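Dear colleague,

I am passing this structure on to you, as you have not worked with it before. Please have a look at it first; my notes on what was found follow below.

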Amino acid sequence: MGFFSFTQEIAMDLGTANSIIIHNNKIVVDEPSVVAVETKSDRVLAVGKQAHLMEGKEPPGIRTIRPLRDGVIADFTAAEQMIRGLVKLVGNKRRWFAPTLRMVVCIPSGSTEVEIRAVKDSSEHAGGRDVYLIPEPMAAALGMGLDVEAPQGNMIVDIGGGTTEIAVISLGGIVSNKSIRIAGNELTADIQEHMSRVHNLKVGVTMAENIKINVGSALTELDNPPEDFVVRGPNKITALPMEVSVSYQEVAHCIDKTISKMEAAVLDALENTPPELYSDVVEKGIYLAGGGALLRGLDKRLTDKFNITFHVAEDPLHAVARGTGVALKNINRFSFLKKNS
């Protein structure tokens, strides 16, 4: 790309929790999917990290919006403002003159036509001329370096913030897929509910996320367990400050039901896999991507449950974004990229 390039190319992983932009094979933007606006005028005050810092602390007159819910656009205007703001962040890092913007954006594999249209329209309104869409599991597979065009089955389980995508990929297409709206956010909500019910402690979403990151576990017994995490907050009843020490075993118990739902979805996808591809999956194992893949002991729990090896991607948080970047470089080669019409 020259300094005065006429087509600027970016790949975008528009996630419920975080949005990532790749340009020239590099992650140039990795920000929370939040936008802060003035309530009266809808003027954008901040996007990404800056907006995330305001979350839960807004005075009247400012509101923070997470435009994506369960992997799909829930607030069209806010989504457009956020995409535009994030694209601008790329521009700040590289002064360019680019009249046309080519974008590859990834979408949940279970998206309806209406949801797909919302992503396309938001991307176009934010300045995208050529907008291509790629299903998330396909992007995750590309990001992990799997050969998606080979005549053999690869099974991907991508646990994001809003959705868990499970797909079997062969010959450049998705053979069977299951998309459930149970993922990282659900685990965070479980932790919030547990802290409130068991400890009478009020915790916000950000604190519940911190608990999940520090002591989150899918198993009650780990080989190298994390230290207990101290949580401070107001007592739900008296509003006086209190302090609670949370262990990974406690978290494992409180998120157990949600993980069981994810397991049921994996089983469902396996049941719908053609026998020839099923044997490939058993032989090669199943690949875990997305932030949920970082949950301690999850790969072991799933491996024991299904008797199939589960492999965690090298960089699970960025696998989908990297794959979207690979797709951008091979726009003319991959038939599964849907162009905006």
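Which residue forms a salt bridge with Glu31? Before the answer, please keep in mind that this is a predicted model. The partner of Glu31 is Lys49, and the closest N and O atoms of the two are 3.4 Å apart. Since Glu31 lies in strand β3 and Lys49 in helix α1 (residues 49-54), the pair ties together parts that are 18 residues apart in sequence. Glu31 counts as buried because its relative accessibility is 12%, under the 20% cut-off, whereas Lys49, at 45%, counts as partly exposed.

The strand that carries Glu31 belongs to an open sheet of 6 strands, whose order is β3-β2-β1-β9-β10-β18 and whose pairing is mixed. The edges of this sheet are formed by β3 (26-32) and β18 (338-339), each of which has a single partner strand, so one side of each is left without a neighbour in the sheet. Further in, strand β1 (residues 7-14) and strand β2 (residues 18-23) run antiparallel and are joined by 4 bridges; Leu14 has Ser19, in β2, as its bridge partner.

Helix α3 (residues 113-125) lies across β9 (100-107), β10 (128-135) and β18, and runs at about 150° to β10. Helix α4 (residues 136-143) lies across β9 and β10, and its direction is at about 85° to β10.

Coming back to salt bridges, a search of the whole structure finds 19 of them. One lies within helix α3, where Arg117 and Asp121 are 4 residues apart, about one turn of the helix; the closest N and O atoms of this salt bridge are 3.3 Å apart. Arg117 counts as partly exposed, with a relative accessibility of 36%.

Another salt bridge is formed by Arg301 and Asp256, with the closest N and O atoms 2.9 Å apart. Because Arg301 lies in helix α10 (residues 298-306) and Asp256 in helix α8 (residues 256-271), this pair ties together parts that are 45 residues apart in sequence. Arg301 is buried, with a relative accessible area of 13%, while Asp256, with 31%, is partly exposed. Both residues also belong to one network, in which salt bridges that share partners join Asp256, Glu263, Arg301 and Lys305.

Technical notes. Residues are numbered from 1 along each chain as its sequence is written. This is a predicted model: local features need pLDDT of at least 70, side-chain atom pairs count only at pLDDT 80 or more; totals for chains, interfaces and linings use all residues. Side-chain values use heavy atoms; hydrogens and water are left out. Two strands pair if DSSP finds at least two bridges between them. Helices (H or I, at least four residues) and strands (E, at least two) are DSSP runs, numbered from the N terminus. Contact means heavy atoms within 4.5 Å. Axes are lines fitted to C-alpha atoms, for helices over the stretch in contact, and angles run from 0 to 180 degrees between N-to-C directions. A salt bridge is a side-chain nitrogen of Lys or Arg within 4 Å of a carboxyl oxygen of Asp or Glu. Buried means under 20% relative accessible area, exposed over 50%, partly exposed in between (1.4 Å probe, protein chains only).
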